[in-house]
Amino acid sequence: PWAVLDRLLQLVPADIVQLDELDLQGHERIFQQAMDDAGERYIDRGNDGDFNDARFWELRHNFLPCSYSGRTGDVATVIRWSDFCTVAELRRAPFYADYLASEGVNHALLVPLPTRPGWTRYLWFARLRRDFSERERLALQLLRPHLHEVYLDAERRRRGIPRLSRRELEVLQLASQGHSNADIARVLFISVGTVRKHMEHIFDRTGVRTRTAAAALALPSPLRLRPPAPGNDKPQEPAK
């Protein structure tokens with residue numbers, strides 16, 4: 001929601017705040033939504049300009065300040081460009097020199113959000129002059145899980161996706177990965193009968209009758225759960 005971006009700019013003043021989602025394997029921009037400090041808004045989808053350039057994707061992958069979360073799978077750490085390089089080093093980086101220098105951005109702070117494997121989704125705040133403080137980083141680190149939930153709620157409303165409980169989403173995610181009811185019961189430390197009951201509720205709420213169809217409808221951003229380990233009857237937590 002635009003109101004969220006507006007409030008974030010009030011909390012952490014910046015020249016621009018932007019939500020990006022990229023398919024790193026397919027070299028495609030999925031979505032881009034931005035608001036600047038003057039209140040101007042824009043949304044872009046698909047590839048145009050630099051996103052059509054194979055060199056853009058190659059240099060971006062090698063530019064750790066932008067590619068850290070996508071390369072490492074770390075979607076829990078809020079990072080600053082200055083964590084990786086000085087401003088002088090930044091300006092010598094090929095990706096910055098070729099694609100970012102013209103925008104004049106010298107400082108950025110990135111808030112990663114979970115998405116499907118091979119993709120990256122993040123909020124980033126950009127400034128021309130002063131760097132972001134540790135206090136600003138901490139504020140966004142604390143807000144990061146809540147921002148993810150806001151994003152998912154907005155997607156569900158936009159796409160008309162029925163709201164499932166956290167447990168139902170966990171059951172559906174494991175089911176969509178091909179795990180049996182017994183596997184799901186072992187991972188989540190519940191009975192097989194309870195798994196069946198959750199699946200019945202999922203089918204009733206989604207209006208479909210197969211696990212694949214239910215997952216396609218209700219999992220716009222799949223949860224990442226560890227696969228079941230044979231003989232491990234202890235509950236497992238979602239992977240971080």
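The protein exposes about 12500 Å², of which carbon and sulfur atoms supply 51%; accessible areas come from the Shrake-Rupley method with a 1.4 Å probe, and for residues only the protein chains shown count as cover. This is a predicted model, in which local features need pLDDT of at least 70 and side-chain atom pairs count only at pLDDT 80 or more, while totals for chains, interfaces and linings use all residues. Residues are numbered from 1 along each chain as its sequence is written, and side-chain values use heavy atoms, with hydrogens and water left out.

**Overall fold**

- The protein has 10 helices and six strands, where helices (H or I, at least four residues) and strands (E, at least two) are DSSP runs numbered from the N terminus.
- Of the 240 residues of the protein, 44% count as buried, a term that means under 20% relative accessible area, with exposed over 50% and partly exposed in between (1.4 Å probe, protein chains only).
- Among contacts (heavy atoms within 4.5 Å) between residues at least 6 apart in sequence, 60% join residues at least 24 apart.

**Helix α3 and its surroundings**

- In helix α3 (residues 64-72), the buried residues are Pro65, Cys66, Ser67 and Ser69, and they pack against α2 (54-62), β4 (79-80), α5 (94-100), β5 (107-113) and β6 (119-127).
- Gly73 follows α3 and has a positive phi, near 80 degrees.

**Packing of α7 with α10**

- The axes of helix α7 (residues 166-176) and helix α10 (residues 211-218) come within 9 Å and cross at roughly 125 degrees, which makes α7 oblique to α10; axes are lines fitted to C-alpha atoms, for helices over the stretch in contact, and angles run from 0 to 180 degrees between N-to-C directions.
- Angles under 35 degrees count as roughly parallel, over 145 as roughly antiparallel, 65 to 115 as roughly perpendicular and the rest as oblique.
- Leu169, Leu172, Ala175 and Ser176 of α7 meet Arg211, Ala214, Ala215 and Ala218 of α10, and the residues of this contact divide into six nonpolar, one polar and one charged (Ala, Val, Leu, Ile, Met, Phe, Trp, Tyr, Cys and Pro count as nonpolar, Asp, Glu, Lys and Arg as charged, and the others, Gly among them, as polar).

**Packing of α7 with α9**

- α7 and helix α9 (residues 192-206) pack at an angle of about 95 degrees with their axes 10 Å apart, and are therefore roughly perpendicular to each other.
- Arg167, Glu168, Val171, Leu172 and Ala175 of α7 make the contact with Val195, His198, Met199, His201, Ile202 and Arg205 of α9, a set that divides into six nonpolar, two polar and three charged residues.
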